[in-house]
Amino acid sequence: MIVPGNIGQVYDAVKLDTKHSEDQGVLCFVACTEADSVCAAQILLNLLQRENIHFTLIPVECYEEVRDHCQPLREAEELKTIILVNCGATEDVRSLCELPNNIRIVIIDNHRPVWHGHNNGEDSDTLVLVDKDDPLPVDEIPVANHEADLDVADSDSEAEEDDSEAEDDGEGGGDDEDEQGGRKRRRGSGDAGPSGRPAKRSSIGPGREERAALRRERAAQIDAYYSTCNGFGKPSTLLLYSLCKEMQQEDNFHVWCAIVGLTEQFIFQQISKQQYNMWRDALANDILVQQDPQDEVPDDPSNILVMPRHKVAVEAHEDLRLTLLRHWSIEESLRYTGYVAARLQTWRQKGLDNLRSLITYMCIPLKQAATAYKGLPKMFPGQLRSNLPRFAPQHMLAWDSLHLNSFLLRYKHEEVTASDMVFALLGLLTAPKPGSVARSHRDAFNEAQSALHVQRNLHLVERGIEQAKKICQDVVHECGLMITANKVKGGRNADYRFVNVADSNAVANPRFTHPTVLKYMALFLRDATSHRFSSADARRPVVVAGPPDEAGMCCVVAVQAKHISGKGLQNNPFARPFLETVSALNILCMKSAFDNTTFYMRKEDVAGFLSKLQEVVGDYGVKQQMQQEVQAAAAQVAAAAAQVEVGAA
Amino acid sequence: MSALAARARDLLKELKSYSSDTLSPYNEELVRLTFSEIDEHNAQTEAIVSEMRRRQQEGEEPQQVDEVTATTMCLHYECIKRNKRLLLIYMNERMQRLRDMRWTQRALPETQKARCCQSEIQFYNDYSRVLSTYMSRAEGVGMDLTLDTKPPKDMAVTVRGLKDAGEVVLSYGRATILTGTTISIPAEEAEPLIRDGTVELVEWDDGYGRNKQ
């Protein structure tokens, strides 16, 4: 069942369940690749702790891991609640993990599309939380209708049978099947059970055509849903934060968690700027309410001696969108900010000269620009702020993309902006560590979680920031090299561009095995390659295949072509082509990620995957064109018919 | 006297070589030798002082103490102080370990008892009695304080797995302890797990600004 908004009710139900059951623990699984999950998990645990509900939190990386941990629950008879954070919405978790019905599953996930099987009003044991202001509104999700799905699946298998009789290669059947949504097919191999068929065969009658039409409509609806709604919804932290507010547990800490989760989704272009601003304004209001009037220390510029703060203060702040500016030097921050680096091509000497010219225009001596930002006299940061809007456009940089209404956390002498915190958490999450893979990702998650508690673990934040700097530097340098060495395939008019990191010098860099770093890299590559072409619409989606990790697994990620504005979903067009390619090549999926545009495969399969993907995407282009033509023709026919009708009248 | 205070240092080294929850055998011999070293220093200092007094009484001019004598006296004095400090550290550390044993193991194990000297056993017995009285219902707080290594703030504590201990049965149900998983369990059940190193206590800020620095 999809629960819109009233998250408090769900929470009360969970509480009631734990009280009535012998097994009173709540099991929480958290996807461990994103900062949003870290913050969401922290809010959730704090809430559970304050209600004295016992919990077990397990950071997981893929569905296989969830399934393994669920193994002991299969035979259990007590009522139990499982909470899934940032995983589970896109799949049928219950059958995937073979969970019995006495286990209630609560899903708080920002991945879209929500599996339409979840949209079943009668199933109160699987609850998916989707807020009313989600980029993918609840009423767009097709209603689960098991019979209809069976019908569709059956008709496909019938069609397949007919086809295979007609032509031996069975290509047509494959196509048909693709049309009804690759996602569903992978999941529901048991859907098309042969048991129901004889009855259906016998019911040939006048209703058959109607049913066929209904079937087609249903298939088209589901097809459209799974091909246009791949992306990200409202950050899970915001959902949990609204629960916090309902429980009257909101405080500075929880607001900060919500801010970090929101900022991450914006940085990774998973939500639009409008959505970001809408949610940001709400949080800014909450901060004003939270603020303790006694805490306010008037910022006196004449006072040289700034006393350290012993309380953490969070405030709204209009910030420059320069990565880790406060913890770097002006020059380096500009040089390694994705947007600036892509525009000015700062990995080349020419770009660097251009950058230095910008700094000089802003009246900042190069020597000062190269020293740590924290140690600069106040005059220079002021100059950066006041002169950047004026001189950035002269250097092909849009001021709009260089500033953002964000938040700032002050503690002792440290100032950490929301984006700094996101990068610090990602730095900790993606820091390469030797040793067992399963263990290291859980440890990394725990470290990131500890880093949220800045009063105790400021050193962890600093360490994360150092790691994040390395990520930014590596991405700019390695991507620069790839572009110069023509490793990025796909030219001006290609459907998409792709790169295999294993072909480049970055193959030995263990950082690039992490999907989040790959996504950051893909976003950068997308911008950097598009600026090499003069035409305005040179942006293309980018697919990046990572280098193999210790176990020989490679991660492939894709990003959409544009950051779309408005209230809609940032649709990633690669979810289905990926699945189709994988099923066409029979690639064995060892690790299924929670995001449907992230794929893990063995390193031997990557080259084949990338070449097949081109064919599949090419087919898509042709198909789309055909569809458009058909639609245009249908529109013409309809118009003609209307004219005829008008004439007749 | 090859090296100054070498014996007392050996004494401490010996104690350090034992892990923090066991005692080294009380080394009476070295303690006695250290005392005799102190006596020796003391005797030498007294000899110098009496020599000076003698000169004063003989009516010689109260002259300035020459540098050599002054340095010698200082050195002897510092040696005495250092030896004393090392001996005190030795005693204090042993006492601390005895106290810890009372808190963590509740009774003095026989093997450790054999390593104590008489006064240490006496100290342990006294300490144990005082603590028991304090925890008793009749005269004290009426709670077993040795159950917790740290005073609990809440009914449940949050712990993090340090090794794969598998499934454990707790009062509220079952839980699986794996490396890197975070679990909240009742404080008194967490205690033995924390002690044997299966889990560690997680300490979180209770919201920014609430906990005092």
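A salt bridge is a side-chain nitrogen of Lys or Arg within 4 Å of a carboxyl oxygen of Asp or Glu. The model shown is predicted: local features need pLDDT of at least 70, side-chain atom pairs count only at pLDDT 80 or more, and totals for chains, interfaces and linings use all residues. Residues are numbered from 1 along each chain as its sequence is written, chains are lettered from A and ligands numbered from 1 in the order in which they are written, and side-chain values use heavy atoms, with hydrogens and water left out.

View 1. The side chains of B:Glu51 and B:Arg54 meet at 2.7 Å, N to O. Helices (H or I, at least four residues) and strands (E, at least two) are DSSP runs, numbered from the N terminus. B:Glu51 is partly exposed, with 29% relative accessible area, and B:Arg54 is partly exposed at 38%. Buried means under 20% relative accessible area, exposed over 50%, and partly exposed in between (1.4 Å probe, protein chains only).

**View 2. A salt bridge between B:Glu120 and B:Arg94.** The N to O distance is 2.5 Å. The pair links distant parts of the chain, 26 residues apart: B:Glu120 lies in helix 5 of chain B and B:Arg94 in helix 3 (residues 67–105) of chain B. Both B:Glu120 and B:Arg94 are buried.

**View 3. A salt bridge between B:Glu203 and A:Arg456.** Their side chains meet at 3.2 Å, N to O. B:Glu203 lies in the segment after strand 5 (199–201) of chain B and A:Arg456 in helix 20 (residues 454–484) of chain A, so the pair joins two chains. B:Glu203 is partly exposed, at 38% relative accessible area, and A:Arg456 is partly exposed, at 34%.

**View 4. Two arginines over aromatic rings.** A:Arg280 lies over the face of A:Phe407, at 5.4 Å from the ring centre. In chain B, B:Arg99 lies over the face of B:Tyr127, at 5.9 Å from the ring centre. A charge sits over a ring if NZ of Lys or CZ of Arg is within 6 Å of the ring centre and within 35 degrees of the ring normal.

**View 5. Helix 5 of chain B and its confidence.** Helix 5 spans residues 118–135 and includes B:Tyr134. Among the elements of chain B, helix 5 has the highest mean pLDDT (93), and strand 2 (residues 166–170) the lowest (81). pLDDT is the predictor's confidence in each residue, from 0 to 100. B:Tyr134 is partly exposed, with 47% relative accessible area.
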